[in-house]
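Please view the sequence and the model together while reading.

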Number of protein chains: 4
Amino acid sequence: MTQDLVARTRDFIAEHVIPVEEEFRGDVTAAGGDAARIRLQALARDAGVFAPHVPVELGGHGLGMVDRAPVFEEAGYSVLGPVALHIGAPDEGNVHLLNEVATAEQRLRFLEPLARGDVRSGFAMTEPAPGAGSDPAALRTEARQVEGGWVVNGEKKFITGADGAGFFIVMARTPGGATMFLTDADAEGVEVGRHVPTMDRSMVGGHCEMTFRDVFVPDAGVLGAVDEGFRYAQVRLGPARMTHVMRWLGAARRAHEVAVRYAAGREAFGTTLSELGMAQQAIADNEIDLEASRALLMRACTLLDAGERASRETSIAKTFAAEAIDRVVDRSMQLCGGMGVSDDLPIAWIAREVRPFRVYDGPSEVHRWSIARRAVRRITAG
Amino acid sequence: MTQDLVARTRDFIAEHVIPVEEEFRGDVTAAGGDAARIRLQALARDAGVFAPHVPVELGGHGLGMVDRAPVFEEAGYSVLGPVALHIGAPDEGNVHLLNEVATAEQRLRFLEPLARGDVRSGFAMTEPAPGAGSDPAALRTEARQVEGGWVVNGEKKFITGADGAGFFIVMARTPGGATMFLTDADAEGVEVGRHVPTMDRSMVGGHCEMTFRDVFVPDAGVLGAVDEGFRYAQVRLGPARMTHVMRWLGAARRAHEVAVRYAAGREAFGTTLSELGMAQQAIADNEIDLEASRALLMRACTLLDAGERASRETSIAKTFAAEAIDRVVDRSMQLCGGMGVSDDLPIAWIAREVRPFRVYDGPSEVHRWSIARRAVRRITAG
Amino acid sequence: MTQDLVARTRDFIAEHVIPVEEEFRGDVTAAGGDAARIRLQALARDAGVFAPHVPVELGGHGLGMVDRAPVFEEAGYSVLGPVALHIGAPDEGNVHLLNEVATAEQRLRFLEPLARGDVRSGFAMTEPAPGAGSDPAALRTEARQVEGGWVVNGEKKFITGADGAGFFIVMARTPGGATMFLTDADAEGVEVGRHVPTMDRSMVGGHCEMTFRDVFVPDAGVLGAVDEGFRYAQVRLGPARMTHVMRWLGAARRAHEVAVRYAAGREAFGTTLSELGMAQQAIADNEIDLEASRALLMRACTLLDAGERASRETSIAKTFAAEAIDRVVDRSMQLCGGMGVSDDLPIAWIAREVRPFRVYDGPSEVHRWSIARRAVRRITAG
Amino acid sequence: MTQDLVARTRDFIAEHVIPVEEEFRGDVTAAGGDAARIRLQALARDAGVFAPHVPVELGGHGLGMVDRAPVFEEAGYSVLGPVALHIGAPDEGNVHLLNEVATAEQRLRFLEPLARGDVRSGFAMTEPAPGAGSDPAALRTEARQVEGGWVVNGEKKFITGADGAGFFIVMARTPGGATMFLTDADAEGVEVGRHVPTMDRSMVGGHCEMTFRDVFVPDAGVLGAVDEGFRYAQVRLGPARMTHVMRWLGAARRAHEVAVRYAAGREAFGTTLSELGMAQQAIADNEIDLEASRALLMRACTLLDAGERASRETSIAKTFAAEAIDRVVDRSMQLCGGMGVSDDLPIAWIAREVRPFRVYDGPSEVHRWSIARRAVRRITAG
């Protein structure tokens, strides 16, 4: 069944998404923003490829992590594909988290409309320096308990999809740790500020600055248990890192295939570019990087599907893949010469999208720090 | 004297150019295109830093290659600096070439106004595939000899600054090789087509497609000797590669300094980011890459100033520096995390400018091919 | 069951093999050569860990490729472990090939004693330049058909384990292609020449030069069908590459663990070395390289166990792993400073063993060429 | 004059040193140790190439750093060349230091015989962990002031050339810092222990463990001022790093040239290996790495000759060159395939020599730490 969904996703992306992407050079805002999203998602529903990750009872295909991988990769083949299938950040991770933790009432009010694509959502964790970022312990947004609920105050930054989101999951410091809160976007005191002008352009709603000013959240808006926010963040982060890898693997494969076709058709020095040794080296290195990323991804997904936290394995897969994907796109660009650095091929806009992945979801340096510390503990204990 | 010009250039860039650059995020078209150029160049003249490379008799500072290096690096500290000082591609290289080869009449008509900045110019050599590109021997544009001159026909592509240029140096195939021709932009049959949408944004006049359709060039428009075009191209290319390196070194240093200041001010994990080992590794690697680029550049410039062709040395310096500069900017971006991938710091737009340098002026692969062949000849002969 | 064999192998290596290895600094000849082999193999039999790859009916544990991986990795933890378990090159690959292709008589005469470790064997394919090497089509050794058999003439080089081997599988050109022949080491005309002084020291019998001078091989000595030698070579090579990866992964893990323990115990700059960021980066990169190698290996082994040729996947896994393993050992060496470049730790002799793996079993460059050509065919057809 | 000395050195190395080196595969002990040294140095004297760095008044050629570079590079073309010319570590650096700091009496007694090659010397600074190493402040050897002099106690390690040295410069902690002492090798309490079995084999006298047990040094044996040891260590280290680079550049160039000649003569896939793109890439990268190392070296030497400390520049040059040289030798090895990893070519033993250079004279990580800290100070002050 997954194989069939993979094939249909591939066809859907080719037929419906890539034409839009190429017309607007990968810029979802230029393509119409939320209106484009709604139109593409309707087409995806018609094609039977919408929401592969959403549980069946909520109207999706109910795929586990291992099965998601090839489907999300096909969706990622276009930088607008994840929006079309409703599997982009942060909605995809929020569906996962809410499905794990939300109360019946929260499911009805937040999860179900989100799963259907009726609304978008935000995940408000990151803060402007010196607040929570690579170091979550630096969290500054605070929730103060009041009669019947909590009052949240704080600044957030890089909140993906915030502009136009219907609700937010907000992380705030509480007396015994951190807690996640659900709040409607139109609740009093919730303000979405300017879009941070990042180099990527495929996320509807941008990466925004936000202010929470005396925002009241009733007790029914606490997501999961009080003070357990950091733990839930981990529940969300492991799989979310892996679905990022899946999507960007598709984008990197696209760049690679575009470059190989270009090189095979380009005559140079009495042969085709694809027959020259340095080009072959770039092509082979792309193949190796893509396969190694996929192999690490599948290993981590197998563990996640088995119910493990797999923090080490998702960290390793994310770190390797984020850098490998960037290398693949860079080599593809180089292979295409002047065409490669122009928007006449999709590589330049794919490059714009994948570079930040070495920062988003934890910079490589923070992952390496964590990987090293685990290794030292394991090996010195062994 | 050079030290003084370096200092004045640094001050000029900081005071007059960076504010414009930051307001328009490194996009010269957004900043006003030719109007911005004219305004900035007037300011540069007032500051006594205009045209450091132009011979003194033509109104410039007459610097040789070794002395140009630190001045151009200061100019490149802003991506709009080279426009302001009139030392950007292709004008800078065209001044050099015309000064070497032009007749007295050509000097008067083309070189002098160009040297003053009254007009801009184009260098029309590269062609759409499968024409001249990395492999100049593939040149397809042809010049047919007629009474009193030549008729040129062909397609060109990636012609920097073409839109708005006053005249062009055109490379065309002639019976015994290739020849360079000078033609006014408004000559009949000269058409500037669309801008190739490349990722860089700092060149006034873009990188354009062009058509030469039955363009008549009188004999007086032949630049240098008939059939000597490839040789003159080398005369132009060696120094032009080196001035590219100078300018991008400035841009890379800017990214590095911005990142170091950011890291020194950013608290993380109980210290400042700049005290963490992985950040220190990035900072040290940047220092090493910048110094090595500069050292190779100076070595090649010393040879050029001594009248040598220095093809090997300029190839090595260009190849190393183009890649090193790209690495420096990439590490700087990574050091700044989310800020680094946004236009809130200049690194993201510097990255956009420097990446194509690994393609422009000969892709790294073509330079490596040439470097290797020379090495094999030298070593097997030795 | 595999888990149990993995654990017993780990214990066996620690108890019986590492003491010998450390005494003789990884040099199997210094340790006694074949005599050491026989002694260690007897211990392995007693410990129930001998010949994990040999079919059960021939006295081994009958593990498939996926199950071999962790067992061989444990054996490879010492550079003398593969000799002790009888899973080193070329015997391990020869058992595999003979088991696939040999006649009943050949099984009795060659395979069974080899499987028991009563004799060692050689695989005589590689030739001195300009003969068969990276380019098998350059094969120069020839077999001429005579009454009742064939007469083989040619030179071979880098024949692992040749000195002291009981028999050889020889690849020779035959009229319709290439053919494999089985010949006793004491057959007339078989000469083992000098050991090529390669940097590795863990292979009993060295890497030798050989001459086959009018060696008569009866028809019963043809291995498989005449003219099918290149095909069988592929049958042998895919799995043989992967068992190489398994063994070297163990060696690389050893280097990594030695380095991590060293770094955790070494005080420097007011903390331990393992807490310094640059050391953490090296440790994390080791973990990533080891996991990625393992993941690619397991992917290829899964396909091989399913009966596929998996040429692309074994090429990718071999190329990545050979380079990754070399990086891991190099970083481990660097972490240990002066100790790392001395034989006071095992890293220096592990380095000596793993470096040639980037050449043996096909240099990385040849694999990349093959990977690239497959990629171009697949993508341009797609 | 330097050019002439360069040429004579090249000829001398080719004629007298390389034959010995190749016979004994780069192992100075196998070649006869001190006896070989004495014989080769006599030949060097006859050839007029002995001691290019020694002041003229002491019988040498008196070359400054810039002029030494090409001469030392030629000497380093053989791994035994520096021994032959008397320019190896630690004697070369000790001559420099003594010439700067020694008293008239010390010159007579220590410097003059050393300059003539009548004795060898040691520089006893590094200690076993957790003593002085990358972090000199960890110095544990102590000197206690007594009547008429000092008594030195402590352990040293990795003392190059100790076995057979005539005297030592010992670094020991004194009340106000650290002090350097001169002591004869046969003074009571000076013991040279085992050779640390490091991978390199070209240093006469090995890298030894040493014990100083109640060694009395009279006041006349204090080198320079009391408590100024760390400062003198810097005086010695900067130039010593650079002469290391010079010597190893020669070794790397040898590996490169051997590989290029091999590749140019090796037929493969219907052409020569040197015409294949991946080989050309390796060759070009070698050329680039060699030129960049040389350019950084010359920049640092120019500053040293001008009397500057040039700590930043020597650190950068050492760090880049140590890694670049290792890459050059590694690529050369890979180009030669099976031959490359054997002692049939000199590359394998050159590799053994150059790898430790990334550790000796300060590991790359410590240099990077220092480079980064300087950069942060400079840039945040700017």
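At 24% relative accessibility, D:Asp184 is partly exposed, a class that lies between buried (under 20% relative accessible area) and exposed (over 50%), with a 1.4 Å probe and protein chains only. The model is predicted, so local features need pLDDT of at least 70 and side-chain atom pairs count only at pLDDT 80 or more, whereas totals for chains, interfaces and linings use all residues. Residues are numbered from 1 along each chain as its sequence is written, chains are lettered from A in the order in which they are written, and side-chain values use heavy atoms, with hydrogens and water left out.

D:Asp184 forms a salt bridge with D:Arg109, that is, a side-chain nitrogen of Lys or Arg lies within 4 Å of a carboxyl oxygen of Asp or Glu. Because D:Arg109 lies in helix H6 (residues 104-116) and D:Asp184 in strand S5 (residues 177-184) of chain D, the pair ties together parts that are 75 residues apart in sequence. Helices (H or I, at least four residues) and strands (E, at least two) are DSSP runs, numbered from the N terminus. D:Arg109 is itself partly exposed, at 47%.

| Salt bridge | Closest N and O atoms |
|---|---|
| D:Arg109 with D:Asp184 | 2.3 Å |
| C:Arg8 with C:Asp4 | 3.1 Å |
| D:Glu313 with D:Arg312 | 3.5 Å |

C:Arg8 and C:Asp4 are 4 residues apart in helix H1 (residues 2-23) of chain C, and are therefore separated by about one helical turn. Both D:Glu313 and D:Arg312 are buried. Over all chains, the structure holds 136 salt bridges.
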